[in-house]
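Have the structure open beside you as you read.

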Amino acid sequence: MKKFFALAMLAVSVPAFADGLVENVNGITLDKDGKVIRFNAILVGKDGKVTELLTKKDKLPRQLDFRHDGRGATMLPGLIDAHGHVMGLGFQQLTLDLSATNSLAEAQTAIREYAAKNPERRWIIGRGWNQEKWGLGRFPTAADLDAAVSDRPVWLERVDGHAGWANSRAMQIAGVTAASKSPPGGRIELSAGKPSGIFVDAASELVGKFVPAPKPAERDLALGEAQKKLLSQGITAIADMGTSMDDWQSYRRAGDGGWLSIRIFGYAGGIDNMIAIAGPRPTPWLYDDKLRLGGVKLYLDGALGSRGAWLKKPYADAPGQIGLQFLATAEIRNLMVRASMDGFQTAVHAIGDAANAEVISAVEELAVSYNGDQRWRIEHVQIVDPVDLQKLGKHGIISSMQPVHQTSDRTMAEARLGTERLTGAYAWQSIAKAGGKLAFGSDVPVESADPFAGLATAMTREDAAGQPFGGWRPEERVSREQALAGFTTGAAYAAFAETKVGSLTPGHHADFILIDVDPLLASPSDLRKAVVKETWVGGRPVYKNAAVIAASENKKDGETR
Ligand SMILES: [Zn+2]
């Protein structure tokens with residue numbers, strides 16, 4: 001009863017169009033030059049935008065429709081995830097999630113239990129497995145999966161989304177046999193000359209296309225779950241990398257229905273989706289700047305974990321293999337030109353050093369003809385040959401990177417590449433020094449979207465356990481301010497949204513969070529434990545931490561007695 005009352009109060013205390021004040025906060029924001037501004041209260045206008053930042057000395061305006069007490073919490077601009085997969089996160093919340101499993105046996109138990117609990121599902125689908133984390137020393141097989149579930153088809157995506165794991169029933173339905181050939185840009189893993197059950201990159205479609213597509217209502221449910229999760233983690237905007245027509249229609253239904261709370265910067269999954277969704281030019285900003293399709297996401301290579309990242313020289317742990325090049329030299333240029341001609345931004349997935357060199361050289365060529373404000377983006381930028389690093393600054397290329405990938409991948413990257421090629425690996429500070437622009441994200445659901453883990457990793461290059469002490473290749477750490485910029489102003493700039501979000505300076509949307517630590521002062525381990533108390537978008541509260549509400553209610557009771 002009490003909780004219900006608190007929420008009802010919250011709803012009426014902030015009217016739809018109001019001049020309001022959120023006071024008693026330790027406010028922190030960055031201006032457009034990356035300078036820290038500190039403040040104690042924020043004035044929000046009727047349009048949901050910031051009108052003024054106040055310090056304790058400033059006088060309050062007389063006319064206010066609402067006042068909200070921040071109770072001394074730290075206020076930051078709503079954090080922006082520069083690279084995520086909104087629907088992927090939503091479906092992760094709704095399907096089998098193996099990301100917490102630490103061994104094949106644990107995964108098999110989880111799969112068995114999930115199948116038993118969901119007898120109505122014709123296919124068992126899910127994601128999140130990682131044979132590296134399991135210490136398996138090999139890919140899992142269809143037989144490993146049959147041991148858990150054999151009566152129904154099972155199809156599970158690898159944690160990085162770059163490989164799928166099928167059981168025998170799924171391969172049977174898909175008609176995959178020893179005679180099946182790997183498609184271009186993909187690989188059917190073999191064991192004793194037969195498909196082993198692992199399908200890398202483009203080969204995933206061989207089985208994936210037989211998985212029944214979710215219905216619109218299921219998609220909307222997933223979007224709702226994703227939005228709830230992100231807002232609770234302090235994320236108020238996200239670049240959606242690889243938006244499909246079905247995804248877009250879900251976002252539009254949410255916008256039309258008035259329940260889209262988070263801001264989504266859409267990057268269409270390929271040119272076909274770009275044209276189908278947006279037509280001849282980017283869409284306008286819709287629903288008060290909540291949604292836009294402004295760019296296209298292209299894939300140039302795969303990922304390191306499945307040895308799909310395209311390298312200049314063979315993998316240290318797989319002689320002769322150099323990974324997968326998805327687009328030929330002429331193809332990638334043609335696609336980038338196609339996007340630029342119609343005013344779309346290009347974001348190219350490039351992980352290996354050969355892939356990064358290829359995008360950079362394409363930009364060098366294209367920048368001659370398309371010399372406006374292009375903001376070419378490279379997604380991941382994980383392994384860059386040091387000879388190519390300097391060029392990232394030259395054309396203002398945006399390096400959209402995911403700090404937590406560095407700690408998750410460290411040991412695997414050493415095995416795949418050997419020590420020599422690690423100089424340009426996850427080279428945040430070198431890229432910044434070369435004049436490259438950084439935007440930080442999580443690649444959720446590949447990693448958790450938790451931006452505080454991202455911030456702490458960016459400034460330490462240590463994992464959650466503090467390993468390795470002092471940081472892995474610590475010269476590539478960034479400062480606290482740079483880390484914060486990566487998740488705010490930098491991520492906004494990367495999406496052409498820097499005049500709208502990412503900073504709490506006047507004129508920006510009042511998208512902010514209240515948390516219990518100061519990211520410019522807290523120890524990295526405290527920062528990792530940050531509690532998001534409230535999340536606001538457009539001057540309206542969209543999330544309140546239930547435990548924090550309950551605690552403050554109890555405290556109030558104590559005070560009145
Ligand atoms: Zn991604």
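Start at valine 44, which lies in strand E4 (residues 41–44). Strands (E, at least two residues) and helices (H or I, at least four) are DSSP runs, numbered from the N terminus. Valine 44 counts as buried because its relative accessibility is 3%. The cut-offs here are under 20% relative accessible area for buried, over 50% for exposed, and partly exposed in between (1.4 Å probe, protein chains only). Now look for proline 506: it is 462 residues away from valine 44 in sequence, yet the two are 9.0 Å apart in space, C-alpha to C-alpha.

A quick word on ground rules: this is a predicted model, where local features need pLDDT of at least 70 and side-chain atom pairs count only at pLDDT 80 or more, while totals for chains, interfaces and linings use all residues. Residues are numbered from 1 along each chain as its sequence is written, and side-chain values use heavy atoms, with hydrogens and water left out.

**The zinc site**

Which residues coordinate the zinc ion? They are His83 and His85, each through NE2, and Asp443 through OD, at 2.1 Å. Donors are N, O and S atoms within 2.8 Å of the metal (3.2 Å for Na, K and Ca); water is not among the atoms, so sites may look incomplete. Along the sequence, the donor spacing reads H-x1-H-x357-D. Histidine 83 and histidine 85 are both buried.

**Helices that pack together**

Axes are lines fitted to C-alpha atoms, for helices over the stretch in contact, and angles run from 0 to 180 degrees between N-to-C directions.

| Helix pair | Axes | Angle |
|---|---|---|
| H2 (residues 86–94) and H8 (residues 216–232) | 7 Å apart | about 100° |
| H8 and H9 (residues 245–256) | 10 Å apart | about 70° |
| H10 (residues 271–278) and H11 (residues 329–341) | within 11 Å | roughly 15° |

To put words to those angles: under 35 degrees counts as roughly parallel, over 145 as roughly antiparallel, 65 to 115 as roughly perpendicular and the rest as oblique.

Contact means heavy atoms within 4.5 Å.

H8 passes H9 in a right-handed crossing. A crossing is right-handed if the near helix is turned clockwise from the far one by less than a right angle, and left-handed if anticlockwise. Pro216, Arg219, Asp220 and Leu223 of H8 touch Asp246, Asp247, Ser250, Tyr251, Arg253 and Ala254 of H9. This contact of H8 with H9 has four nonpolar residues, one polar and five charged.

H10 and H11, on the other hand, are roughly parallel to each other, and H10 passes H11 in a left-handed crossing. Ile271, Met274 and Ile275 in H10 meet Leu335, Arg338 and Ala339 in H11. That contact splits into five nonpolar residues, no polar and one charged.

**A few backbone details**

The bond joining valine 444 and proline 445 is cis, with omega about 10°, and proline 445 lies in the loop between strand E21 (437–440) and H16. The bond from glutamine 467 to proline 468 is also cis, with omega near -15°; proline 468 is in the loop between H16 and helix H17 (480–486).

Now for phi. Alanine 192 is not a glycine, but has a positive phi of about 55°. Is alanine 192 buried or exposed? Alanine 192 counts as exposed, because its relative accessibility is 82%. Arginine 473 has a positive phi too, near 45°, and is found in the loop between H16 and H17. At 24% relative accessibility, arginine 473 counts as partly exposed.

**Last stop: methionine 459**

Methionine 459 sits in helix H16 (residues 451–460) and counts as buried at 11% relative accessibility. Leaving aside neighbours within four places in sequence, methionine 459 is in contact with Arg477, Val478, Arg480, Ala483, Pro519 and Leu527.

Technical notes: Nonpolar A, V, L, I, M, F, W, Y, C, P; charged D, E, K, R; others polar.
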